[in-house]
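Take a walk through this structure, one chain at a time. Keep the sequence at hand while you read.

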Amino acid sequence: MKHLRPLNKKARRIDEMVSAMEEDVVALQQQPHVPMGCALAFSPGWEVDAGGGTAGLCQPVERDIYDCYVTCFWPVQVPDHVNYSQDWAGNCASATKDWRNLDIVFP
Amino acid sequence: MTTMLSHSYRPGDYHSFEAAGEKFIYLVSAGAVFALDEVANRVLDMLATGPMGHADLIGALVGGGYAEADAEGLVRELRHAQLILSDHSVPAPVAPNPPKDFPLQALVLNITNQCNLSCTYCYEFGADKIATPAGKPKFMSLETAKASVDFLLAQSADRKAVHITFFGGETLMNFKLLQEVVLYAREQVAAQGRSITFSLTTNATLLSDPIITFLAENDIGVTVSIDGPAEMQDKRRVYKSGKGSYAVIEPKLRKLIATHKSRAITARVTLSEGVTDVIGIYRHLKDELGFHEVGFAPVTDSGEQSYSLSAEEMNSVVSQFHALADEWMDHALSGRPHGFSNVSETIGELMQGANKSHPCGAGLGLLGVSPSGDLSPCHRFTDADTHSLGTIADGIDREKQSDFLTRGHVGAKYECQSCWVRPLCAGGCHHEAFVRYGDTGHPNLHYCDWIRDWTDKCLQVYGAVSVGNPEFLERFTDRKALS
């Protein structure tokens, strides 16, 4: 951290955590630090943790990156609905109701 | 599909303080201490006047001559550390209540409930007593003591090190048992490849050469209950006849301190009506008698006893605490230890970043054992039927333990929720609360201002030493673990 100098054990742990966040996946972030695509449409896969990163999510960000799959605005389709995971969203007719049916994809 | 969130920021939960010309904050949600640079402090000052939107905040910083990218980085850093909160910040999870599966670490063995003194303010026998010892054993038997050691080792699961404190009554009235317990516990611990430490609290009247030698050879930490020089000690720490105890203990203490070098010898002073010359008491005990450390605590009472401290006396005590804290700081800045325990203890907890769910380990990692083998949250509840948490023979009464811990959890104390010192205080002593309010889970509201004032002072000391002699603070890294 640049502006805060940690002075006890707990502060040093926060320092480590914040530093880890700074090194977190920047592709999901912009300045100001706002995740894309998460506010107006229900779009599983774009949660951020309390600190604005993806390191502390309760499940991996890959778990439900549904919007990438459906609308392809990610640089590649993840999961790949062209070649490998064509049925990934087969049980998810309506994302707002059926998002629990989206399972983890192991490449 | 992409949308911009417009964050609005407000100050996080922190207490700011200054020391050595620098700005610091104590982050309440974590118990963390940070030094702030000038611009970080400027952000907190701006938000102190009201919430600000992201663009406004960045704009203000840029308007103040700060590059936009740096301003963004600063705001991000403050938000990540939760010094500032946005509308989207998620509160830190609350510690579970009651805590689950917390292995035992220490037992306080009340090896007798008998005492050869009749201190008038005694919480065990005085006006505000809660103990109900009628019909119960007065001295712990060897059988109960051994069973207690076995119980501690079984309940402490995977802990490498455990601790036993011997307590009373007057502990040394059952010294023979103490010796046997030390030997037995060492055997049992060695057989399991673990370690154990011991300490005892005594009024020092029964110290003798063989006892002092045993304590020294067995590395047994000694805390002496003593209220100062003769005129203060003899005011309330008296025999049943009313005769003071100072003349009896003074030569014994000198011998103890001269002989017992393996552990720190500490004095524990009870401040009561007329016994409030903190600095005089400290000088006598530290400089004249040679105690390594001296700690002070106001007497526990229901608020209406003749020995209670008045508000004026309490104010005097607090200002003397401040003077000794300044002395502690001067010592620390020049690398010398100071014996005022009240500062050292708080510094140790600040160093760790303690963030307590409960005020102490009572009923959690620590239990008291009465002479009959009844379990209680700590030594202060010994022999009190209404506070029993089971027995050594039958084990911990989980239902009662759960009730005690649920009441005592800081999250259950309404007044504590808006107080910045709750990570360290957590509402204060369960026993004090019961005596004052009739409920172990009641926050000790009569001390709130005093605790906040004192903790603020200790933070200032911490900040000043972190600037002037940071290596000195490292000495306190393991203080809690060793005590």
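In chain A, buried residues make up 31% of the 107 residues. This is a predicted model. Chain A holds 3 helices and 1 strand. Read from the N terminus, its elements run β-α-α-α. Now take the contacts in chain A between residues at least 6 apart in sequence: 29% of them join residues at least 24 apart.

Chain B comes next. Its division gives domain 1 (4-86) and domain 2 (106-396). The centres of domain 1 of chain B and domain 2 of chain B, taken over C-alpha atoms, are separated by 44 Å. To the contact, domain 1 of chain B and domain 2 of chain B contribute 4 residues each. What classes of residue does domain 1 of chain B bring to the side that touches domain 2 of chain B? That side has 3 nonpolar residues, 1 polar residue and no charged residues.

Turn to the sheet of chain B. In it, 8 strands form an open sheet with mixed pairing. The order is β12-β11-β10-β9-β8-β7-β13-β14. Which strands stand at the edges? They are β12 (293-298) and β14 (375-376) of chain B. Each has a single partner strand, so one side of each is left without a neighbour in the sheet.

Strand β11 (residues 265-271) of chain B pairs with β12(B) in the parallel sense, over 6 bridges. One bridge links B:Leu271 to its partner B:Pro298 in β12(B). Helices pack here too. Helix α4 (residues 142-155) of chain B packs on the sheet and touches β7 (106-110), β8 (161-167) and β13 (366-369) of chain B. The direction of α4(B) makes about 165° with that of β7(B). Helix α11 (residues 341-352) of chain B lies across β11 and β12 of chain B. Its run is at about 90° to β12(B).

In β10(B), both faces are covered. B:Ile220, B:Val222 and B:Val224 are buried on one side. B:Gly221, B:Thr223 and B:Ser225 are buried on the other.

β10(B) has partners in the sheet. With β11(B) it pairs in the parallel sense over 4 bridges. There, B:Val222 stands opposite B:Ile265 in β11(B). Strand β9 (residues 195-202) of chain B also pairs with β10(B) in the parallel sense, over 5 bridges. B:Thr201 stands opposite B:Thr223 in β10(B). A helix belongs to this part as well: β9(B), helix α6 (residues 209-217) of chain B and β10(B) make a right-handed β-α-β unit.

Last, look at helix α14 (residues 430-437) of chain B. Here 7 of the 8 residues are buried, so the helix is largely enclosed by the rest of the structure. The buried residues in α14(B) are B:His430, B:His431, B:Glu432, B:Ala433, B:Phe434, B:Val435 and B:Arg436. What do they pack against? Their partner is α12 (398-408) of chain B. After α14(B) comes B:Gly438, with a positive phi near 75°.

Terms used. Residues numbered from 1 in each chain as written. Chains lettered and ligands numbered in written order. Predicted model: local features only at pLDDT ≥ 70, side-chain atom pairs only at ≥ 80, totals over all residues. Domains from an automatic or database assignment. Contact = placed C-beta atoms within 7 Å. Nonpolar A, V, L, I, M, F, W, Y, C, P; charged D, E, K, R; others polar. Pairing = 2+ DSSP bridges. Helix = DSSP H or I, 4+ residues; strand = E, 2+ residues; numbered from the N terminus. Axes fitted to C-alpha atoms, helices over the stretch in contact; angles between N-to-C directions. Buried ≥ 20, exposed ≤ 12 C-beta atoms within 10 Å, placed from the backbone. Right-handed = clockwise from strand over helix to strand, strands pointing away.
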